[in-house]
Amino acid sequence: MNQAVDRTMVLPQLQQLFPVPHARSFVTVVISTLALILACLLFAPSSVTWGALSGSLPFAAIIAIVGLGQLLVVQQGGFDLSLAGGVSLAVVIATHYPQGDNALLLPAILIAIACAILAGLINGILVSFFRLNAIVATIGVNALLYGGVFAVSGGVPKTTTTLLAAIAGGQAFGLPNAVYFAFAALLAVSFLLKKSVAGRRFEAIGANPLATRAVGLRVQLHQLLAYVYAQLLYCLAGVLIAGITREPTAFQGDALLLPSVAVVVLGGTSLLGGRGFPISTVIAAFFLNQLSQFALTVGVPYSAQTIIQALALGFGIGVYSVRWTVNVIKQTNTNANGGKNEVLG
Amino acid sequence: MKCSVRRKLELAAVAAIFTLACSHLAQAQTPSWCGPKKATLALLDGYGGNSWRQVTTASGKQEALKCPSITKYEYADGQGDTQKSISDIKAMAAKGIDALVVFPDAGPAMLPAITSVYKSGKVIVPYRVEAGGKAGANYTKFIGTDFKNDGANWGNWIKGVLPQGGNLLFLSGPAGNSQGLDELTGLKSVLGPEYKFLNPEPFDVTNWDPALTQKVLTAEIAKNNKIDVIVSDFGPSLVGALPLFKQSGRSIPALATSDGNSLGCFWTDVHGDNPDFKLFTVSTENDNVRLAVQWAVAAVTEGKAPQEEIFKGPVFENSVTGKPSPVQCRKDLPGQIYLSAQLSADDQAKAVNTK
């Protein structure tokens with residue numbers, strides 16, 4: 001009990017150090033990431049060299065982008081399992097439609113975006129209007145999307161166009177281009193979520209749909225749009241993967257589903273919905289990616305690599321579960337100080 | 001009128017001679033494994049969803065149709081679903097297909113279905129992936145692939161380009177896959193202790209996924225300042241990952257792997273800037289299916305069984321000696337074809353572009 005009281009004393013000071021509002025999750029994920037970087041420096045210094053980072057950062061960027069998509073859905077108390085199909089469909093459209101012809105790249109991307117919007121609308125309508133369970137609805141849509149993947153590609157990979165390889169796989173000012181795309185996605189999500197009226201409503205609806213409906217907000221519309229935004233982000237990730245890996249498989253999205261949920265959880269967003277933490281989610285993506293690079297560089301067997309990642313995820317969930325009691329105390333304190341963190345827009 | 005009858009007779013005689021000549025020619029072209037008994041044949045894939053399988057399927061069809069006794073050829077794709085693969089096998093047998101050539105991706109899980117079809121009197125030839133069991137008890141014949149031979153071929157080439165020994169990196173597919181283990185045995189049968197494997201035992205796991213390959217190679221490049229040779233059993237998956245060497249300011253090292261048009265073209269484009277990038281490939285072994293089809297056809301049509309019982313993938317490209325072939329690149333055709341296969345490049349392009 002004393003410990004809990006001590007932590008409540010320390011944490012506000014930490015928050016002053018990190019001026020991001022109310023982001024205890026931010027502090028946690030930053031400290032975890034710094035600890036990981038320290039461990040890398042001690043046990044696998046080569047994994048944090050510039051060469052290694054420039055090779056692995058594009059994959060961190062992709063996890064970050066799909067993580068942001070999943071975050072928006074999770075904020076509405078949903079869960080998007082159609083991520084794998086969405087990413088894979090964008091990958092095959094971006095590679096199969098142009099057939100190596102740079103001139104057809106733009107139309108291909110536009111088709112991919114149109115498919116993403118359609119998939120998002122189907123997900124959203126099923127979940128918000130027909131009240132289907134999000135997991136059931138998105139599994140179904142995932143199967144549909146994979147039908148699309150087979151229709152476009154027959155399951156066969158194609159080599160990407162040189163233009164896309166240069167855009168997604170290239171570097172500018174010393175950083176892989178994919179990182180800029182992730183940064184842009186982060187800025188867009190953060191700004192819209194935290195600074196726009198619609199974003200504030202979106203978050204409030206996630207926290208308490210019943211109360212916000214009573215206030216007169218269009219709950220179903222916001223819930224529906226969460227799935228559309230998510231699919232657009234998956235589409236971006238898919239197009240980037242097509243460029244980064246040059247010859248992607250037709251099932252490239254499969255490996256991203258678990259990491260997308262993991263970074264949302266590690267970023268501190270509750271799976272029950274409510275407030276989202278885009279910056280923490282992106283840092284968690286870097287953390288998760290660096291963790292697998294660390295395991296690879298240390299040279300542990302493949303089985304151990306998987307176990308290490310699972311333990312990290314367990315650790316992440318554990319940390320937030322333990323903080324439950326602290327959360328309650330903190331919440332009470334803040335509310336006693338005027339309840340300044342409640343913004344309904 | 002008299003004249004026209006005579007002319008007709010002449011024409012008939014010419015036609016008869018022509019037909020006889022043609023049939024004689026056809027008989028001369030009929031391979032020895034093709035017997036006289038009419039039969040039907042099916043090719044069953046456990047998972048048909050990649051370009052390698054499409055080229056292989058087209059190769060299998062081409063081989064089967066060389067035998068005029070095969071009256072019908074069918075194909076089924078298990079789509080990576082073991083249940084579907086099992087029911088495909090049973091359905092083909094129930095439809096009255098006489099001979100089945102099976103790629104049992106799911107391994108021993110396929111053995112009961114294979115055995116039941118064999119016991120019902122059909123000819124069934126699994127190939128490439130071992131399903132367990134024995135020839136004559138569970139199936140007609142198993143046509144394996146000699147992956148140790150591939151490993152030994154790579155090893156011999158590595159000895160040629162690095163006679164003093166050096167640092168090797170060996171990448172294979174999923175953890176513990178028998179192909180990778182056999183290749184390693186082949187490599188080690190040729191290479192002595194002066195060749196150091198940098199990867200964790202027995203190989204770096206890539207799942208043959210280009211994204212994971214890229215991550216693995218990133219870590220290995222960062223960790224090891226000196227990589228002399230990369231050995232990989234799926235060359236085309238490296239095309240996205242090899243530019244990582246450039247990002248680290250290093251030359252791409254020598255590469256011993258399997259062939260692919262995209263890889264050949266990549267080498268053609270970048271070897272000028274990468275003095276250490278020597279390339280050696282063994283065939284990607286699409287023609288493994290041909291040997292399996294020959295055995296199945298021989299058994300079902302009562303032809304002569306082929307002499308080979310295991311498929312040995314031939315050596316294909318060698319950028320150092322140009323023998324048996326210099327590095328090949330067909331930029332006008334898709335990257336996902338395998339110029340080492342017997343099926344012509346244009347037919348392969350058609351096979352992979354069908355969807």
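Visitor: Let's begin with A:Ala166: is it buried, partly exposed or exposed?
Guide: Bear in mind that this is a predicted model. A:Ala166 sits in helix α7 (residues 162-169) of chain A. Burial takes 20 or more other C-beta atoms within 10 Å, and exposure 12 or fewer. A:Ala166 has 13 such atoms within 10 Å, so it counts as partly exposed.

Visitor: And how far apart in space are A:Ala166 and A:Gly120?
Guide: Along the sequence, A:Ala166 and A:Gly120 are 46 residues apart. From C-alpha to C-alpha, the separation in space is 29 Å.

Visitor: How do α8(A) and α9(A) pack: roughly parallel or roughly perpendicular?
Guide: Helix α8 (residues 177-195) and helix α9 (residues 197-207) of chain A have their axes 5 Å apart, at an angle of about 80°. Angles from 65 to 115 degrees count as roughly perpendicular. That makes the arrangement of α8(A) and α9(A) roughly perpendicular.

Visitor: Which residues of α9(A) meet α8(A)?
Guide: On the α8(A) side, the contact uses A:Leu192, A:Leu193, A:Lys194 and A:Lys195. By class, the contact has 4 nonpolar, 1 polar and 3 charged residues. The α9(A) residues that meet α8(A) are A:Ala198, A:Gly199, A:Phe202 and A:Glu203.

Visitor: How many residues of α13(A) are buried?
Guide: Helix α13 (residues 278-298) of chain A reaches 30 Å from its first C-alpha to its last, close to the 30 Å expected. Just after α13(A), A:Gly299 takes a positive phi of about 85°. As for burial, α13(A) is largely enclosed by the rest of the structure, because the buried count is 19 of the 21 residues.

Visitor: Which helix gives the largest share of the side of chain A that touches chain B?
Guide: The contact takes 34 residues from chain A and 31 residues from chain B. On chain A, α3 (50-75), α11 (219-244), α13 and α14 (302-322) each supply at least two residues. By class, that side of chain A has 12 nonpolar, 19 polar and 3 charged residues. The largest share, 6 residues, comes from α3(A).

Visitor: Over to chain B. How far apart are the C-alpha centres of domain 1 and domain 2?
Guide: Chain B has 11 helices and 13 strands, and its C-alpha trace spans about 90 × 55 × 35 Å along the principal axes. The domain assignment gives domain 1 (39-142 + 286-313 + 344-352) and domain 2 (147-282). The C-alpha centres of these two domains of chain B lie apart by 31 Å.

Visitor: What share of chain B contacts between residues at least 6 apart in sequence join residues at least 24 apart?
Guide: For context, buried residues make up 52% of the 355 residues in chain B. Among those chain B contacts, the share joining residues at least 24 apart is 73%.

Visitor: What covers the buried residues of α6(B)?
Guide: Helix α6 (residues 178-190) of chain B has 13 residues and reaches 19 Å, close to the 18 Å expected. Its buried residues are B:Gly180, B:Asp182, B:Glu183, B:Leu184, B:Gly186 and B:Leu187. The cover over the buried residues of α6(B) includes α5 (147-161), β6 (166-172) and β9 (229-232) of chain B.

Visitor: Is B:Ala254 buried or exposed?
Guide: B:Ala254 is found in strand β10 (residues 254-258) of chain B. Leaving aside neighbours within four places in sequence, B:Ala254 contacts B:Val161, B:Asp228, B:Val229, B:Asp276 and B:Lys278. B:Val161 is 93 residues away along the chain, yet the C-alpha atoms are separated by 8.6 Å. With 23 other C-beta atoms within 10 Å, B:Ala254 is buried.

Visitor: Last one: is A:Arg131 buried or exposed?
Guide: A:Arg131 has a positive phi of about 60° although it is not a glycine. Its place is the loop between α5 (105-129) and α6 (134-153) of chain A. With 9 C-beta neighbours inside 10 Å, A:Arg131 counts as exposed.

Definitions and conventions:
Residues numbered from 1 in each chain as written. Chains lettered and ligands numbered in written order. Predicted model: local features only at pLDDT ≥ 70, side-chain atom pairs only at ≥ 80, totals over all residues. Axes fitted to C-alpha atoms, helices over the stretch in contact; angles between N-to-C directions. Helix = DSSP H or I, 4+ residues; strand = E, 2+ residues; numbered from the N terminus. Parallel < 35°, antiparallel > 145°, perpendicular 65-115°, else oblique. Contact = placed C-beta atoms within 7 Å. Nonpolar A, V, L, I, M, F, W, Y, C, P; charged D, E, K, R; others polar. Domains from an automatic or database assignment. Expected span 1.5 Å × (residues − 1).
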